[in-house]
Amino acid sequence: MDMFARGARYPLLVVALLLAVPALHRVIAAPPPAPASRGTAAVLEINGAIGPATSRYVVHGLEAAQKNGSRLVVLEMDTPGGLDSAMRDIIRAILASSIPVVAYVSPSGARAASAGTYILYACHVAAMAPATNLGAATPVPIGGEPEPGSVPLPGGGARPGEKPDSGAGGTGSGDTKSNPGTAKPPEGAPGEAEPPSAPRSAMERKVVNDAVAYIRGLAELRGRNADWAEQAVRGAASLSANAALQQKVIDLIARDVPDLLASIDGREVHIDNRTEKLATRDLAVGRVKPDWRTQLLAVITNPTVAYGLMVIGIWGLLLEGYNPGAVLPGVVGSICLLIALFAFQILSVNYAGLALVVVGTAMIIAEFFFPTYGSLGVGGLIAFIVGSLILFDTDVPGMNVGRPLIAAFATVGGLMIAGIVYMATRAMRHPIATGAQAMIGASAEVVADFTGKGRVRYGGELWNARSDAALRAGELARIVKVEGLTLWVEPQ
């Protein structure tokens with residue numbers, strides 16, 4: 001009675017406790033609130049020659065960084081240069097980026113040569129690690145340098161007997177323009193290029209002037225030393241990290257990525273028509289690795305791999321053509337050749353070299369079926385070697401075929417030709433094994449006694465025979481002449 005009275009006395013308290021227990025449980029079980037995100041800096045690595053796979057990796061990496069809300073992208077570079085088309089794809093992506101992009105030549109000992117210099121000039125912030133270098137941005141024509149006398153020397157120096165050209169971008173005896181606040185480097189200073197001789201061919205002038213205008217436009221956009229950039233194109237000038245900082249080619253020198261992020265904190269950059277102040281001191285660093293598609297593309301577009309696939313494809317299709325029904329050579333050859341042609345589509349290929357490789361391989365294989373005692377084979381081998389050497393632009397770093405691979409294929413072709421010639425020569429020395437000539441000197445068995453005309457057995461067949469001597473049944477006679485279906489024989 002008393003218990004019910006006490007329960008009825010505090011009805012609201014009991015109900016409140018029953019309702020509070022689940023809420024209290026949810027509060028206790030709830031996870032702690034996540035700390036506010038401090039943002040990330042995406043790091044993309046450019047290592048080695050710049051090709052189609054590199055441009056795909058960088059372009060997709062920039063797009064992913066913008067979608068994922070990264071505050072900054074760092075392009076960590078160590079490259080000798082690469083293809084112009086791939087470089088321009090990367091620069092277009094940088095210029096279109098809605099977040100700042102920092103070029104960082106790293107680690108110590110790395111370089112941003114040729115195409116790497118253009119990419120560095122395109123980025124919002126340019127930095128280098130100690131003991132690194134950049135420059136040598138002269139464009140290389142497809143197929144290598146033309147003959148001496150029509151091209152500036154790699155170092156930009158004038159040829160003997162020629163007066164150096166001191167035009168725009170040169171560093172001849174005339175006055176040299178410089179950016180405001182940028183003094184002309186003293187005689188022999190690091191990065192000073194010798195005055196180049198003027199390009200003489202119209203095509204070369206077009207290529208060099210186009211490259212100069214391109215890199216000067218990037219330099220003016222980012223407020224960097226445009227005159228030195230022109231020297232890097234016309235005279236292949238190069239700079240160390242300290243010299244680049246002194247000549248206002250780069251913005252700073254940093255030991256590593258954390259030091260870089262701390263150094264650029266508070267720096268202002270221009271993106272699209274707005275000025276953005278960088279807040280990078282507390283950014284988390286996230287390295288972006290290439291996906292499997294990019295890695296596969298990097299393997300396929302490696303000139304040495306593409307060259308090997310092409311040779312295997314040609315051999316496979318030719319062997320299938322000469323031996324219909326083998327199937328396997330045709331299947332393997334078709335797959336390899338299609339992959340190689342895909343790679344050639346996005347690489348700098350000399351089509352004269354490609355034609356020489358195809359014709360040379362066909363001539364080597366034709367030697368098997370139309371023996372010419374080496375004339376077809378040797379001609380095909382020469383065409384194959386010359387075509388292989390000029391197939392790719394050998395002056396673009398990392399974009400040439402390995403000479404050992406060319407030597408290996410040429411050696412195999414040479415050994416095949418030598419084997420064919422050896423077998424043909426050996427066959428010529430052997431006695432004839434077929435036809436009437438092969439019967440001369442062979443033995444035949446006399447079927448019945450005869451003098452003059454009779455019959456003999458040769459090769460399991462009965463032949464008419466004639467002999468001036470008497471022959472007895474079962475004796476062996478030697479064949480001395482064949483006249484139609486009659487054998488002239490004599491006693492052995």
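1. Val482 touches Ala436, Met439, Ile440 and Leu487, leaving aside residues up to four places away in sequence, where contact means heavy atoms within 4.5 Å. Val482 belongs to strand 15 (residues 476-483); strands (E, at least two residues) and helices (H or I, at least four) are DSSP runs numbered from the N terminus. From Val482 to Ala436 the C-alpha to C-alpha distance is 6.6 Å, although the two are 46 residues apart in sequence. Val482 is partly exposed, at 23% relative accessibility, on a scale where buried means under 20% relative accessible area, exposed over 50% and partly exposed in between (1.4 Å probe, protein chains only).

2. On the basis of the note: this is a predicted model, in which local features need pLDDT of at least 70 and side-chain atom pairs count only at pLDDT 80 or more, while totals for chains, interfaces and linings use all residues. Residues are numbered from 1 along each chain as its sequence is written, and side-chain values use heavy atoms, with hydrogens and water left out.

3. The structure holds three aromatic pairs, a pair being rings of Phe, Tyr and Trp (its six-membered ring) with centres within 6.5 Å, classed as stacked if the planes are under 30 degrees apart, edge-to-face if over 60 and tilted for the rest. One of them, Tyr307 with Phe384, is tilted, at 6.4 Å centre to centre and 45 degrees between the planes. This pair links distant parts of the chain, since Tyr307 is in helix 11 (residues 303-322) and Phe384 in helix 14 (residues 375-390), 77 residues apart. Tyr307 is buried, with a relative accessible area of 0%, and Phe384 is likewise buried, at 3%.

4. Tyr307 also pairs with Phe409, edge-to-face, at 5.9 Å centre to centre and 75 degrees between the planes. Because Tyr307 lies in helix 11 and Phe409 in helix 15 (residues 403-429), the pair ties together parts that are 102 residues apart in sequence. Phe409 is partly exposed, at 24% relative accessibility.

5. The charged end of Arg88 sits over the ring of Tyr214, 4.1 Å from its centre, and that of Lys481 sits over the ring of Trp488, 4.9 Å from its centre.

Methods:
A charge sits over a ring if NZ of Lys or CZ of Arg is within 6 Å of the ring centre and within 35 degrees of the ring normal.
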